[in-house]
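Please look over this structure before reading my notes. Keep the sequence at hand.

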Amino acid sequence: SFVSTPPFFANAELDSRVGGVAPRFPNAALVQGNLLGGRPQTEPIQFKLDQPTIYKWSLDIQRSLTPTTTVEVGYAGNRGLSLMRVILTNSSIAQEVNGRLFVPVGSPVMFPSIARVRPKVSDSRSSYHALRLSLNQRLARGLQLRGSYTFSKTIDTGSNFAGSADFSNDGTPRYLGLIEKGPAAFDQRQNLTVNFTYDLPGRNLSGLIGHVLGGWQTSGIITAQSGSPFPVSTGYAPNHFNTIGGFPDRVASKAIKYQPRNPDAYFDPTAFTIPGLTEYPTSFPAPVNPGYIGNLGRGVLVGPGNYVWNFVLSKRFPVTERVGVQFRSEFFNLLNRPNFSDPNATLFDQQRRKNAEAGTISGTDGTARELQLGLKVEF
């Protein structure tokens, strides 16, 4: 059961600067009802909220390999219960046909006199499991290094926090807010981070050669992360659907294929199809039975990974016993590696024609190689 958050509301564009109509507060809803934008909406909340609970546990083992080198292996996990999520409940009424959810043409919504009904409920769950490896090299022979690697999996029943859109790649609403377990929108299976500092040989050189070639130091941070899930859409929804996203069907006979370094065909769109069809369409506009709701789950596709190496080369030039000048050259994305953004995952257009851009990548994340030079006076 739910308790509403009165009053009901409706969107309107009442502005004396637009159309010459000014809102008459506080009674606009009563005396200007013909100008309001459609039926009223409501934002209810679960009458008796459950207490959100997080359980955490971990186990780590550390071992010294040398007097300056240690390695650590660990496992970490957590479990979230009764987490908040937002759902859309005023959907068109569906029925079961051949084991599938089907919305016939003319099917009414649950509450015909109300538009959007978006309750907040505390029934979401999450889980996280991770294997952690790390190597720590304390300063020895001019080298200091730390590397960590995490192999993890995060599963939940909804990644958006109630009332926000922090993770817009979590997809569109499922029928009646059905609980759907799948990879979290922020799930990244692999994460590697290495940072180091190394004093280049030549520190003991003397004279002019030592002044020019000695005392140089390098440092850097290397990060490598796998991609996160993103949703796939048919690109259209039959106009008799209400608050149901354009989920496609998965083609059972085809595996999802990736070409991670090909921005023109990152994934194969023919692994998906219009709901109710068994294969990717061979003709367009594609035939369609307009009532089926797609069966594709959450987090099926995974976006490109991200790899960056930031590098620093520096040297301190002494001026006096107490004053020195440090020169720093900083290279961001040293290898000038392009990190692709998520591809276009809209399969068709509103007329059920093939979207030629499906599977293609048109943008990048991060920046190209950047060089920054600086001088710092130390005293």
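The points below cover salt bridges and one surface patch.

1. Start with the source. This is a predicted model. Every value below is computed from the predicted model.

2. How many salt bridges does a search of the whole structure find? The search finds nine.

3. Look at Asp60 and Arg132. They form a salt bridge, and their closest N and O atoms are 2.8 Å apart. Asp60 sits in strand E5 (residues 53-66), while Arg132 sits in strand E9 (residues 120-140). The pair therefore ties together parts that are 72 residues apart in sequence. Asp60 is partly exposed, at 34% relative accessible area. Arg132 is also partly exposed, at 30%.

4. Next, find Glu330 and Arg328. A salt bridge joins them, with 3.0 Å between the closest N and O atoms. Is Glu330 buried or exposed? Glu330 is buried, because its relative accessible area is 15% and buried means under 20%. Arg328 is partly exposed, at 26%.

5. Now take Arg353 and Asp349. Their side chains meet in a salt bridge of 3.0 Å, N to O. Arg353 is partly exposed, with a relative accessible area of 41%. Asp349 is partly exposed too, at 24%.

6. Finally, turn to the surface. Which residues form a nonpolar patch there? They are Leu205, Leu208, Ile209, Val212 and Leu213. Together they have about 510 Å² of accessible area. Leu213 belongs to helix H2 (residues 207-213). Leu213 counts as exposed, because its relative accessible area is 51% and the cut-off for exposed is over 50%.

Notes:
Residues numbered from 1 in each chain as written. Predicted model: local features only at pLDDT ≥ 70, side-chain atom pairs only at ≥ 80, totals over all residues. Heavy atoms only, no water. Patch = residues over 30% accessible without salt bridge, like charges linked within 9 Å, V, L, I, M, F, W, Y side chains within 5 Å. Areas by Shrake-Rupley, 256 points an atom, 1.4 Å probe, with all protein chains shown as cover. Salt bridge = Lys/Arg side-chain N within 4 Å of Asp/Glu carboxyl O. Helix = DSSP H or I, 4+ residues; strand = E, 2+ residues; numbered from the N terminus. Buried < 20%, exposed > 50% of the residue type's maximum accessible area, 1.4 Å probe, protein only.
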